[in-house]
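Hi,

Here is the structure I promised to pass on. My notes on its pockets follow below.

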Amino acid sequence: KFEMQLFGTSLRMHGKSASHSVEYGQVRRAFLLPKPDGKSVAFVLILNPPLLQGKTEYSQLVMPLETNRPVSIVTAGDKNNDLQAKEEGELAEVLPRVFKSLSGHGAVGPTAGIASSNGFHCVNCAHKTFEGHLYFLEDSLLFVNRPCCVIRYKDIKEVEFQRIDSGRTFDLVAVTKLGFENQFSAIDKSDLDALRNFLNSKQVGGAEPPAKQARTE
């Protein structure tokens, strides 16, 4: 766990054994992803250059924010005078708002173009043995919590739908144009058609609906 402070040009995180500083210039994208439990959101920052801790690089920061946690943040103003002297409200709303005003990076949410069978804009699945949620954004796939994974649709060569003929779940494999495979497993089969149609609408190879078999007389 870290304590976070927002300054004019950077955010700083202080933990029990280490402290880190992230310049706003390192932030390439920001996302705000509602969790299906309705109690929290994931605030995700994509960094380049990455954050270094020893010899380990971290290209993503994932911060869980409670939706029903009231906060009061005292500010020292900002360049555009968008902030009040004291910003109050729910943590999941106030922190991204303050971050946007200071850094210029607004947080992007899931696209409204797809919903799972449960009505959410993500599906439950596993990635590299870790359970999490796969979100469908306007231009990317994003898996949280760990390991966080972001793949732009334009970087995908093709997708493969595996194990669709047996069981209650299937696997989605996204093969990038650089040849890397990213597998998202144990997705509920009730979400297969919605995922296939959505990815096909993004012109992702391999997502075309299966060809109708010719009727035999």
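**Pocket notes**

In the second largest pocket, strand S12 gives the largest share of the lining, 3 residues. This is a predicted model, where local features need pLDDT of at least 70 and side-chain atom pairs count only at pLDDT 80 or more, while totals for chains, interfaces and linings use all residues. Residues are numbered from 1 along each chain as its sequence is written, and side-chain values use heavy atoms, without hydrogens or water.

A pocket here is an open set of points on a 1 Å grid over the protein atoms alone, where a 1.4 Å probe fits, with protein on both sides within 12 Å along at least five of seven lines; lining residues have an atom within 4 Å of a point.

Two or more lining residues come from each of S4 (27-34), S6 and S12 (149-152); strands are DSSP runs of E, at least two residues, and helices of H or I, at least four, numbered from the N terminus.

The largest pocket has a volume of about 1400 Å³. Its lining has 40 residues, with Phe2, Met4, Met13, Val62 and Met63 nearest the centre. S6 gives the most, 9 residues, and helix H1 (91-103) is one of the elements supplying at least two.

Happy modelling!

Definitions and conventions. Points joined across faces, edges and corners; volume = space filled by probe spheres on them.
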